[in-house]
Amino acid sequence: MAIIENPLELESGTVVEVAERPLGALTRPSGNTGWASWLFTVDHKRIGIMYGAFAMFFFLIGGLEALAIRLQLAVPNGKILSPEVYNQVFTMHGVTMIFLVIMPLAAAFANYLLPLQIGARDVAFPRMNALSLWVFVAGGFFLCSSLFIGGWFKNVPNGGWFNYAPNSGTLFSPTQGIDFYAVGLQILGIASLVSAINLIVTTLNMRAEGMTLMRMPVLTWMLLVVQFLLLFALPVITVALFLLMFDRLWGANFFNVEMGADPLLWQHLFWIFGHPEVYILILPSFGIISEVIPVFSRKPIFGYSFMVGSGIAIGFLGWGVWAHHMFVSGLGPISVAAFSVSTMMIAVPTGVKILNWVATMWGGKIRLTTAMLFAVGVVSMFTIGGLSGVTHSVSVADTQQTDTYYIVAHFHYVIFGGALLGIFSGFYFWWPKMFGYKLNEKWGKWNFWLQIVGFNLTFGPMHILGLQGMSRRIDSYDPGYGFETWNLVSSIGSFVIFFGVLIFIINIFVSKKQAEHLPPVGPDPWDARSLEWMTASPTPEHNFDEDIVVDSLDHFWHQKYGYDDDGNVVRIAYAEDVAQDGSNDNVHLPSPSYWPLVLSAGLPFIGYGVIYNYWLCAIGGFLVLGAIFGWIFEPPDDPDGGHGHHDDHGDDGDGHSADSSDADDSAEKTDDDLVSVGADTAEAGDAATTETTATAGEADNG
Amino acid sequence: MSNETTAVETGETIGGRKTHDEHGHITEFGYVRIFIILAIITAVEVVWSYYNIEAIFIPVLFLMMIVKFWLVAAEFMHLKYDVKVFAGFFVTGLVLAGGVYLIFLSASQIWQSF
Amino acid sequence: MAEAVLDSAVHAADDDHGHSTGTGISNNKLAMWVFLGSECLLFGGLISTYLLYRHNIQDGPGPSEEFFDIPFTSASSFVLLMSSLTMVLAHYAAERGDNRKLKIWLLTTALLGSVFVAGQIYEFTVFVEEGLGWSTSPFSSAFYALTGFHGVHVTIGIIMLLSTFISAVRGRMHPGNAETVEIVGLYWHFVDIVWVFIFTVIYLAA
C-alpha cells in the first residue's frame, strides 16, 4: 500500500443550470427533497443514514426474537415456543443480529464517515454505494419474509447461524427455511462485496491532499481493514452457500453423507469466512471508540501506529484461526495444536489495542459523556469477552465448553459488549454531525446504565450456566440441574436491555424536540480531532466547501490548538473559525439514479424464483438486466449538457456529444461509476478553487 | 506503512501518464511472441501428461502451469508494467486463497491420494 | 507510435478516471483488480472442493485419462488461450485509436470465447451420456460446479465483449476510454488463467 501516497487532487466543480431533456427512463432523477430523493440518492451520507435506519428496524426484530428466547428459558420447561419454533427463532436471532444489524450499522458509519474523514466529497462509485444499500435492504427483507411465507414459522431457517451440514440437507431440514438462508445470505453478500470494493477504492484513491495513509483516523483504518476482510471472506461463504443451494435445490452431493461427502467441508468453508467475519463485526467498533476516547480524554490516541498496525495484524491473523471453531470435529491433534497456537497469538494485537485505549485515557482530562461511557463500556466488556475467548483457544478447555452457554456468553460479550456498545458510542458521538442536534445526556446515561447492567445480568450468568453444563440451543430444561436461578436472572436482564434500547429510541425524539429551544450545535460540539468536524452540522450535501489540505494526523485539532513558548497546548483558534460553514452551494455533485433500486428489487425475485418457481427468476432477471443496461446508458449526470468535462476528445473524429461519450465511458463495466465531483477542469488546468473552476466550466459551456 | 518520501517518489511514477507510456513496451509482435511461448508450454504440458513419470510428474506439471499463469498475468494483464498496488491486491488474493485452502485440504488429509 | 502514446497520455490527463483520484490510479481499474483479488478466493474454494472429492466417485466414472478427452480439452484450452492474445491486441488497438482493428479483435475474442463455451457444453453432454450426471457422485457435482462456474464467468465475459464491440461499431470507442477495453480484458485474462489452473488440476493431473 505504500506506493499510493500521491496527494489527492480534488477540485471543486460547478453547478450549471439544469435543462431538462426528454431522455425518458434514462433521465436521471433530480431534486433533493421528498421521499423520492431518498430512494434515488447517491449521497453517501443519506445512504449511511438509511443503512442505520434499516439496521435499527432489523435490530428491533432481532431483539424481539431474543426476548422470545429468554421468555422461553426463564423458567424450566418453558412452554412459550415449541421446539420447532424455538430453533427458527434462535437461528433468525443470530442471522439477523449479525448480517442485518451489526454489519449494516458498521456500514452506516463507514458510509457516512469514511469519505468525510479522508476529506472527500463522496465515495468513488456513488451509484454502486446506493446499490449496496438497496441490495442489503432487499436481502434483509427477503430473509425476514421467511418468517411468514407459507404461514408463520413454517419456512424459517432453523439450522443455527452456522448451519452445519448434514443437518442443513433436505433430509433433516425439509422445509424451505435453509433455502431462505442460503439465498438470503448470498444476496446480502453481494451488498457487502460491492460496498467493500467501493470503500477500498475510495480510501485509496479519494483522500484529500496531504492525507497520507498514516494520517488517516483510526476509524478509517479499521474500516479499511474490514473492507479487505469482507472482500476476501465473502467469496468463501458464497462458495459454501452455492454448494448448499445446489445440494438442496438440485440434488448435488456436496454435503450428502450418504454419498460419502465430507460434512467438514461446510465447516471449513463456513469458518474460513466465519472467523474473519467476527473481526468484520468488531473492528468498526474498535475504530469508533478509537475516535471517541481521545476526544473525551483530550489526548491524542496513544500509539497511533501501533493502533493501526494491530488492527492490520488482527485482520491478517484472523485468517489463520478458523479451525478453533472445530476443535471437537475430529480434526486431528496437529491441526488442533496449530490452530490453538494461532488463536492465542491473536490475543496479542487485541491486547495492544486495549492497552492503548487505557493509556489514552491515562492522565487525560476525561469527560464522561454518554459516548465516552459507551466507549469505556466496550473496553471493559470486550476485555471480559476476550479473556473468555482465550480460554477457548486452549483446546482441552474448549472441548468442555463447546456448545455450552459458556460460548453463548463469550460471543455476546464480544458482539454485544464490543461491537454493539461501540456502535451506540458512535451514535451519541456523531449524532450532532449527522442530524444537527445532540442526544440528551441525561436520557443517554439512563440508556447506557440500563444497557450495561442489563447486558451483564443477561450474559454474565451464562458463563456459569455453560460451565454447569447447560447446552446452547436447547429449547427447554428440566428443573433440578441448578439452571433455574441464573436463567431467570438472565431473562430479567434481557428485559433491562430492552428498556435501555427503548430509552435510546425515546431519546432520539426527546432530544429533537428539545433541540428546537437550544442553540445550534455548531460544527464541532465535542472539541474533536478529525476532518468530519471541520464542516457544518449536519453535514452539507457537498461535505466540504473547499478542499482541505491535510498536514498532520489530527489535522483539525492542530488547526485549533498550538503550543506556547513553554510547550503547553494552547487554543489558537475556535472551531467556528477554522471549520467551513457549508455555505458553498456551487459544488458539482453526482446525480441521483433509479437503477440501483431497480437492480436490487430484482434480486429477491430471483431468490424466490429459485426456491419456488423459476418464472419469478425471469422477472427478477429482467429487472436486473434492465437495470444494468439502464445504468450503463444513463447519463453520468443531470442531462444539463454543459458541465464541460468529457467533451474534449475531439480527435476521434466522430463528433458525438459529451453525454454519449460519457455513457460509453461507463459502458460495459459493471463496476463503473463516475465521480463527478469537480471533474470539469479539463481546460482550467490547475483550477484549485471553486471560483476558477466555475469560470472554466462556464467558459466551456459558452 | 510509508512515509512522505516514498509518497513523493512514487507519486511521479504511478500517474496515469506513466502507465500509459509503459504499455508501449510491448508491441503487437511482443504479444504474439508471448502467446507462442504459452502455446508451446501448453503443448509440452499435454504431451507430458501422457508420460506418467511418477515422482516428478505433478511438480513439473504445476511448474509449467505457474509459468503460464505468470506470463498471462504479468504481460497480458500488464501487472509487470502497471502500478504495484494492482499486483498487491491480486497476489494478496492468491496468497490468502492458497494459504487457507491448502491448510483446509491438508487438514482433510487429501494429499496421500495424489 | 510516439504520437499515439502522446495521444493517450493527453487523454489520460483529461479524462475522469485518471484525473480526479488522489493517486493517479484509475478508480475503475483499481476496482476491477480488487474484485479479481476477491475472485481468487471464489475459485480457490471451488477448486478445493473438487480436490477434496476427486476420488469420491461412487459408482460413476472418475477423473482419468480414459474418461477425459484430453486432446479435445487441450484444443479448447488452446482456443481460450488464443482469445487472451486477441483480447490484448484489442486493447492495443483501442489505446491507439485503431477502431477497425479494435472491432476485429473484440469480435474474434468473443467468438473464441463462444467456441470454448460451446466445447464445454459439448463435453458436458458427452460426460452425461457416459454416465457422469450432476448427482452421480460428490466428484461429479464438484466437477460440474467448478467448470460450470468458470463457464458462467466466460459467458459473462462474452457479453461484456459484445457490448464493447457494439460500442465500437457505433463509433464510441476512442483512446480516451480505452480503459474500458483494458478492464474487460483484465476480467477476460483472469478467466483465462483460472482455466490454466483448472486445466492442469482437473485434466492433466488426472
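**Helix packing and burial in a predicted model**

Visitor: Which residues in H7(A) meet A:Met307, A:Gly311 and A:Ile314 in H8(A)?

Guide: Helices (H or I, at least four residues) and strands (E, at least two) are DSSP runs numbered from the N terminus, and contact means heavy atoms within 4.5 Å. An α-helix has 3.6 residues a turn, so residues three or four places apart point the same way. In H7(A), the residues that meet A:Met307, A:Gly311 and A:Ile314 are A:Tyr279, A:Leu283, A:Phe286 and A:Ser290.

Visitor: How many nonpolar residues are in the contact of H7(A) with H8(A)?

Guide: Ala, Val, Leu, Ile, Met, Phe, Trp, Tyr, Cys and Pro count as nonpolar, Asp, Glu, Lys and Arg as charged, and the others, Gly among them, as polar. By this division, the contact of H7(A) with H8(A) has no charged residues, two polar ones and, as nonpolar residues, five.

Visitor: What pLDDT do local features need in this predicted model?

Guide: Residues are numbered from 1 along each chain as its sequence is written, chains are lettered from A and ligands numbered from 1 in the order in which they are written, and side-chain values use heavy atoms, with hydrogens and water left out. The model is predicted: totals for chains, interfaces and linings use all residues, side-chain atom pairs count only at pLDDT 80 or more, and local features need pLDDT of at least 70.

Visitor: Are H7(A) and H8(A) roughly parallel or roughly antiparallel?

Guide: Axes are lines fitted to C-alpha atoms, for helices over the stretch in contact, and angles run from 0 to 180 degrees between N-to-C directions. Angles under 35 degrees count as roughly parallel, over 145 as roughly antiparallel, 65 to 115 as roughly perpendicular and the rest as oblique. The axes of H7(A) (residues 264-297) and H8(A) (residues 304-317) come within 11 Å and cross at roughly 175 degrees. The two helices are therefore roughly antiparallel.

Visitor: Is the relation of H3(B) to H4(B) a left-handed or a right-handed crossing?

Guide: The axes of H3(B) (residues 28-50) and H4(B) (residues 54-76) come within 10 Å and cross at roughly 165 degrees, and these helices are therefore roughly antiparallel. A crossing is left-handed if the near helix is turned anticlockwise from the far one by less than a right angle, and right-handed if clockwise. H3(B) passes H4(B) in a crossing that is left-handed.

Visitor: How many charged residues has the contact of H3(B) with H4(B)?

Guide: Residues of H3(B) in this contact include B:Ile34, B:Leu38, B:Glu45 and B:Trp48, and among those of H4(B) are B:Phe57, B:Met64, B:Lys68 and B:Glu75. By class, the contact has 18 nonpolar residues, two polar and, as charged residues, three.

Visitor: Which helices of chain C do the buried residues of H3(B) pack against?

Guide: Buried means under 20% relative accessible area, exposed over 50%, and partly exposed in between, with a 1.4 Å probe and protein chains only. Among the buried residues of H3(B) are B:Gly30, B:Tyr31, B:Phe35, B:Thr42 and B:Glu45. These buried residues pack against H4 of chain B and, in chain C, against helix H4 (70-95) and helix H7 (178-204).

Visitor: How far does H5 of chain C reach from its first C-alpha to its last?

Guide: The expected span of a helix is 1.5 Å times one less than its number of residues. H3(B), with 23 residues, reaches 34 Å, close to the expected 33 Å. H5(C) (residues 99-129) is followed by C:Gly131, whose phi is positive, near 100 degrees. With 31 residues, H5(C) is close to its expected 45 Å, as its reach is 45 Å.

Visitor: Which residues does C:Glu39 touch, not counting those up to four places away in sequence?

Guide: C:Glu39 is found in helix H3 (residues 27-53) of chain C and counts as buried at 7% relative accessibility. Its C-alpha atom is separated by 9.7 Å from that of C:Val191, 152 residues apart along the chain. Beyond the excluded neighbours, C:Glu39 touches C:His153 and C:Phe190.

Visitor: With which residues is A:Ser491 in contact, leaving aside its neighbours within four places in sequence?

Guide: A:Ser491 lies in helix H14 (residues 484-515) of chain A. A:Ser491 is buried, with a relative accessible area of 5%. Its contacts, with those neighbours set aside, are A:Arg70, A:Leu73 and A:Ala74.

Visitor: What percentage of the 206 residues of chain C count as buried?

Guide: Chain C has seven helices and zero strands, and its C-alpha atoms fill a box of roughly 65 × 35 × 25 Å along the principal axes. In chain B, 50% of the 114 residues count as buried, and in chain A, 64% of the 702 residues. For chain C, the buried share is 71%.
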